[in-house]
Structures are given as structure tokens and as C-alpha cells.
Amino acid sequence: MKRRAFLKTLGLAAAATASAAVPGLAAEQPAAQGTVLATLFDLSQCIGCGACVEACHEANANRYPEPKKPYPTMYPSRVKVEDWSDKRDVDDRLTPYNWLFIQSASVDYQGKTQEIHMPRRCMHCTKPPCANLCPWGAASKAQNGSVRINTDICLGGAKCKTVCPWSVPQRQTGVGLYLDLLPSLAGNGVMYKCDRCYDRMAAGGLPACIEACPNEVQSIGPRQEIVEKAHALAKSMNGFIYGETENGGTGTIYVSPVPFELIQAASPPGPGRPTLAPVTDAMSFETSLAAAAVVAPLAAVAGVMLRAAKRNSDGKEHKHD
């Protein structure tokens, strides 16, 4: 799309939304009802073997970005290139090519040293700020509770990463729809993260990480059942729970034999390495709710418009083939 046509389309879409619902939008939104799932991680059983990380790589290899170089110059200049394409083997943090990593820590607790290994990936929040505040409608919460990013329409603006309490989504420059729209002004690539193997689960399978784990560290099921199981497990080991209430509740719940603040102290957070600190409900604040109310209709318009742009881009590629 030419820039003028892009902006014209945006203006027409906005006008249409002001007077009526966007046609066809409802069919693209997650169903209102369904079983919300959660995953339980029993950290007393994790040996840090990395089988889950390897399985994640194998299951998602065909979805990893293949950027086009050289990258467009971005304006303003403060927008920096984020390129992981030559660092695909990095597996000790989250990247666009590594959606799951093992956080390991040696913790002294109650007179005993324990080695803790903690698989880290998207928390799949009950009220995900990324999905509620994405200005393009690229992030969404599915019927089963998985939080997903539609890489076909994501422009890489990184709002999802900014509002995520754990800064989970990671950006790769030089890939995605922005290259066909306004490569120097709109976005800067595509954001990537775990979607809890949504397609595998939709086909009746398990997430690759769960299927590959030799110690059955993870289990998945209806969230209320997982919460009850987490409490029973924590009681049996005099342990601790993380993820039940953080950010208003998540679909990733950990039970640890040692306090999480000790794990954090022994293995501090950093870029691509999420925090284990207590996290308040980001979407409970009035300002956040107001922002969501403003963003939602704009995201709906943008989502429809960007899907149309994606179809137009795909049509041009096929024409040139």
C-alpha cells in the first residue's frame, strides 16, 4: 500500500466505526465462553535438562522470523534496530527465537542449599495488558486463555512489551507488515512470544514443552482445578506459589519449595529475563481501564485495516511469483 492510500484507509475505517460496528470483526474475536486453562509448574521436580526448550524450538521453528536486510532507517532516530537473527542459539533468556528458557538458581533456605530450575515464558494473564492495550489489535486472548500475537498484522511497536509486567514479548526488526506499509515510520518489526502451542492444542494435542518433559514438571487443565492443585502441592512441601494472583491472576502457576524472592536474589532479572517480584493488577487501575476503553475500538479498526493490508501485500507477492 502507498502511504496516502494507507492513511486514507485508516480514516475511512475510523469513520465507519463511529457510526456502526465493523463488519466481520466478531468472527475474528475469541469466543466469550469456554474453558480457561492454566499450567502448573512443580519446581521441586525440574532438573533443568532443557528438554522443554528444545521441544519449543522444534515445534515453532517454522514460525521464527526470517528478516530482510538491510533494515530500513527508522525515524525518529531513537527507534533502534533489534536484530536476533545472528543470535538464534541464545537460550538463557527470551528472544524472538527463544520463547522459553530455564532460569536456574542456587538457593540457601532453612539450612540447606537447593538447586532450583524454573522454566520461564509468557504468563498468559487472566487480564492481559498486552491484549487489552495493543493499539493495532494484534494481541488477543483466546478462548482457552492463551494470549497470542497475530504476527501477520503486528507492526512491532512493542506496546505489548511496555505494558507487560514481565516484559515478555521480544521484537525482531526487518520482518512483518510494516515493511510493506511505512517501513521508516510505522513500527519496527514483529513481536514474538509463547502462545502455549495454541495450534497444537486446538488439534487436541499438548504444548510441546509439556509433552517433552521427562519429569512431568508441568500439568495443564482448567484454571480453577490447577489453582486447587497448586495449593495442595504447596501444602505438601511447605512451599510457595507464584502466578495465582500476580497481575490479577495468570495461566502460568509455579509452586516452589523455596521463596521466590530468594530465587530472584540468586538469579536477578534483566533484559529477556522476567522478574519474580510481586506484580499488582495492571488492568485494575482506572487509568488503565480508561486506556483500554479508548484503545479497544481503535484496535478493532486497525485490526480490520491491517488484515486488508496483509491480504493486499500477499496478493502482490503472488502476482510477482
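Predicted model: local features only at pLDDT ≥ 70, side-chain atom pairs only at ≥ 80, totals over all residues.

Student: How many bridges join β9 to β10, and which way do the strands run?
Tutor: Three bridges join them. β9 and β10, residues 252–256, run antiparallel.

Student: Which strands make up the sheet, and in what order?
Tutor: Four strands, in the order β8-β1-β10-β9. The sheet is open and its pairing is mixed.

Student: Which strands stand at the edges?
Tutor: β8 (218–222) and β9 (240–242). Each has a single partner strand, so one side of each is left without a neighbour in the sheet.

Student: By how much are neighbouring strands turned against each other?
Tutor: By 25° on average, with direction ignored.

Student: Which helix packs on that sheet?
Tutor: Helix α7, residues 223–237. α7 touches β1 (37–42), β8, β9 and β10. Its direction makes about 15° with that of β1.

Student: What is in the loop between β9 and β10?
Tutor: N247 is found there. N247 has a positive phi of about 55°, although it is not a glycine.

Student: Why bring that up?
Tutor: Because most residues other than glycine have a negative phi.

Student: Is N247 buried or exposed?
Tutor: Buried. Its relative accessibility is 0%, and the cut-off for buried is under 20%.

Student: Now peptide bonds. Where is there a cis one?
Tutor: Between K69 and P70, with omega about 0°. P70 has its place in the loop between α2 and β2.

Student: Switching to β2. How many bridges join β2 to β3?
Tutor: Nine. The two strands run antiparallel, and β3 covers residues 112–120. Among the facing residues, A105 stands opposite I116 in β3. Y109 has K112 in β3 as its bridge partner.

Student: What about the turn between β2 and β3?
Tutor: β2 and β3 form a hairpin with two residues between them. Q110 is in the turn, and its phi is positive, about 55°.

Student: Where do Y64 and W99 sit in the chain?
Tutor: Both are in the loop between α2 (51–60) and β2 (101–109). They are 35 residues apart, so this pair links distant parts of the chain.

Student: Are Y64 and W99 buried or exposed?
Tutor: Y64 is buried, with a relative accessible area of 13%. W99 counts as buried too, at 4% relative accessibility.

Student: What does W99 do with Y192?
Tutor: The two rings have their centres 6.4 Å apart and their planes at 20°, so the pair is stacked. Under 30 degrees counts as stacked. This pair also links distant parts of the chain: Y192 is in strand β7 (residues 190–192), and W99 is 93 residues away from Y192. Y192 is buried, as is W99.

Student: Which residues form the aromatic cluster?
Tutor: Y64, Y97, W99 and Y192 form one cluster.

Student: Which charged residues lie over ring faces?
Tutor: K87 lies over the face of W84, at 4.2 Å from the ring centre. R148 lies over the face of Y198, at 3.7 Å from the ring centre.

Student: Last, the whole chain. How many helices and strands?
Tutor: Nine helices and ten strands. Of the 321 residues, 48% count as buried. The chain exposes about 15,600 Å², and carbon and sulfur atoms supply 54% of that.

Student: And what share of the contacts is between residues 24 or more positions apart?
Tutor: 68% of the contacts with a separation of 6 or more.

Notes: Residues numbered from 1 in each chain as written. Heavy atoms only, no water. Buried < 20%, exposed > 50% of the residue type's maximum accessible area, 1.4 Å probe, protein only. Phe/Tyr/Trp six-rings, centres within 6.5 Å; stacked < 30°, edge-to-face > 60°. Lys NZ or Arg CZ within 6 Å of the ring centre and 35° of its normal. Pairing = 2+ DSSP bridges. Axes fitted to C-alpha atoms, helices over the stretch in contact; angles between N-to-C directions. Contact = heavy atoms within 4.5 Å. Areas by Shrake-Rupley, 256 points an atom, 1.4 Å probe, with all protein chains shown as cover.
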